[in-house]
Amino acid sequence: MKNYIEPDEWKIIESGFDPALNRVSESLFSIGNGKMGQRANFEETYSGPSLQGSYVGGIYCSDKTRVGWWKNGYPATLDKVVNSTNWIGIDLLFDGEKLDLAKCRLQEFRRVLNMKEGFLERTFRAELASGNAITVTAQRFCSIADDEIGAIRYTVQPIDFDTDLQVISYLDGDIKNEDSNYDLKFWEFVADECDELGIFLHAQTVKTGFHLGVYAHTAVGDTAHPCAGRMIRDKNYIGQVFETSVAANQEVVIEKTAAILSSLNHDANKLKACARGKLRGAIAKGFAQLKKEQAEAWAEKWEHSDIRIEGDVKAQQGIRFNIFQLFQTYTGTDPRLNIGPKGFTGEKYAGATYWDTEAYCVPFYLATAPQHVSRNLLVYRHRHLPQAIANAATLGFTDGAALYPMVTMDGTESHNEWEITFEEIHRNGAIALAIHHYIRYTGDADYLADHGLEVVVAIARFWSQRVNWSEDKQRYVILGVTGPNEYENNVNNNWYTNTIAVWCLDYAKSALQYVKANHPTRYREITAAISFAEEERAHWDKIASLMYYPYDETRGIFLQQDGYLDKAQLTVSDLPATDRPLNQRWSWDRILRSCFIKQADVLQGFYFFEDRFDHATLQRHFDFYEPRTVHESSLSPCIHSILAATLKDEQRAYEFYLRTARLDLDDYNNDTEDGLHITSMAGTWMGIVEGFAGMRIKDDTLCFDPFLPAAWHSFSFSIGFRGTAITCTIRTTRMEVTHRAGPRLDFRVRDKPIQVENQSTVVIDVF
Ligand code: BGC
């Protein structure tokens, strides 16, 4: 836990510099635009602790699998987002002395992430080894208005000394992933060039063959008298050296603009020409105009997604940080892109897609972004259906059954821990559930005819083959799984998995029915293409009606899995603080034998399928499972916060919320240096909107059941629902709903029907 970020409503601020915190700050102050991201590395050389990180969405490398004991079915290679060309590099030499903050005496230092306008600013005053002092102000952003452009404005001033200044602006493609399994580099040089416009570096990923072309223009000094650059080259590196004499206290402005283009969107042979065109357009606008467009693009995003919290500036900063990082990671413009658990802010989790997207992120984007944004997350999985079918086939499944990978970049499995890769199969359920959530929120049931049905049926086919009939129980069972609680492996009849499997079978039936009734031609096309046989439906029915669910009659609770009660029944309060976190203090063997739960498991099912359970049943399960849960996944507290809110336990709802709201800003888990917990940030948003405001969709209608955390004066959030934009404010005595745009909205607050239209505000007395 750290406490060095200054509270501010719209900014993340670090004052003073502690090298030991630099990697944490590099994650926190990351910038991105949905297509690419950049850790908050310094532009100039820094020899202290740092993870240089530039990432481009969808560009990955295949790292050779490294395991101690090979198991058939493991993927031979693992895909990872590849750390890409460093486009921000600007080295400075003052009379030959290289600026390196690790070797200077820092007199002032401040890093600010301006979330309102979407840029990073760093200012410092440093004393060089020569004894001379300089000041620097550097601003940069990845343009969200033009997502292939990055821009930097770097201003340097020698204090009270004249100097010969050398500026080296470079592109470095000789970059390695920190987590490379065999210390391999994944980039090979293709071409470079230095011309009147600037420097160009073209590199290609080994094996996966992605091309990345970066063209950078650097202007040093005032535009009327720009100083000319001399080219330097090294291995997969090209730079320009600018030399200029600077008088004492004269400001030198360096503007570096980069066009970062990949073969994902351009013909690899035309990368240079395309990047050149892009770069010219950006230079013509200039840094100030690009920054203005950036602010406008962010204003638009905030208008539809902002959450305002009055009375608690740290909470305000926390939620805006989460929303900001989510939009820096995913903007929904490209169905080939997704949301890695660390986004573009680090290499952990390989930048790959997990079930986190469907289970946690989809609800956020549904409410805060145009419909195509969340739709593209669904289309992403539809595009991967052939690989999911192939993946299932590798494991022995047949007839078009699909098992989506636990971790993926391109649809193939990219994970090789047997207990996760082969067993954590509940992920398939979240993918079908996200389709249902999307349709429930948007009303766009035709998505089923477009893409959804094939996915849903392939998933149902998987479950129908993965179950087996137990003669002993006279029930269907699902053996050898890992549930969401990864602190149990190879268990039988994980209640959550069995529940979501049956839900998928039922949903597939209703999806078939919908498409048959509403899109008969398409229905015939799809069922012919996937050789769907009517008997399958009957088989699914049979499985659904005869599924086994472990249950304890005495306590009146579903058991997390068979035999869960054989474990010594302790609670987290029995654990000495020195034993936590268990995953760092206990042997894996001890964790597996204990009753302790990593994250919501049975309760994840209660969250997803809440309509099936009354409050007394939820309360019993919450009271049993939560005290055994160590919340060692960042995805856990938000689900508990929402359930506590449902149970009207406002205090605990708020306490759980606090555990995620500033998870990274305060570095609760001492792991922010690896990157931010992007997917759990969506859970934090859910904590406010679904938890505190109690938002649900019931019968095509938005419903609320709000409360105000005692520590806040009020909170408000903006969402869109089926073409209508509203802002909801919860105050101590009332809820206000303001219509901002679109058709009239009929909604309910605690079952009371209400309407709002024409930019009016309705006030509802709820307290
Ligand atoms: C959690 C998984 C999650 C993964 C990536 C793990 O710690 O247990 O549920 O998918 O992190 O966020």
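I looked up D666 and R662 in this predicted model and found both buried. Their side chains form a salt bridge, with N and O 2.9 Å apart.

I then looked for further links of this kind. Salt bridges with shared partners tie K35, D146, D147, E148 and K278 into one network. Over the whole structure, my search gave 60 salt bridges.

Next I checked E127 and R105, whose side chains meet in a salt bridge of 2.8 Å, N to O. This pair connects distant parts of the chain: R105 sits in strand β8 (residues 105-114) and E127 in strand β9 (residues 119-127), 22 residues apart. I noted E127 as partly exposed, because its relative accessible area is 21% and buried means under 20%.

I turned to helix α14 (residues 588-593), which holds both R593 and D589, four residues apart, or about one turn of the helix. The two form a salt bridge whose closest N and O atoms are 2.6 Å apart. R593 counts as exposed at 54% relative accessibility, while D589 counts as partly exposed at 43%.

Last, I went to the ligand. Around the ligand I listed P341, Y349, Y354, W355, D356, E486, K598, Q599, S633 and L635. By type, this shell divides into five nonpolar, two polar and three charged residues.

The protein covers 91% of the 310 Å² of accessible area that the ligand has on its own.

Terms used. Residues numbered from 1 in each chain as written. Predicted model: local features only at pLDDT ≥ 70, side-chain atom pairs only at ≥ 80, totals over all residues. Heavy atoms only, no water. Near = heavy atom within 4 Å. Areas by Shrake-Rupley, 256 points an atom, 1.4 Å probe, with all protein chains shown as cover. Nonpolar A, V, L, I, M, F, W, Y, C, P; charged D, E, K, R; others polar. Salt bridge = Lys/Arg side-chain N within 4 Å of Asp/Glu carboxyl O. Helix = DSSP H or I, 4+ residues; strand = E, 2+ residues; numbered from the N terminus. Buried < 20%, exposed > 50% of the residue type's maximum accessible area, 1.4 Å probe, protein only.
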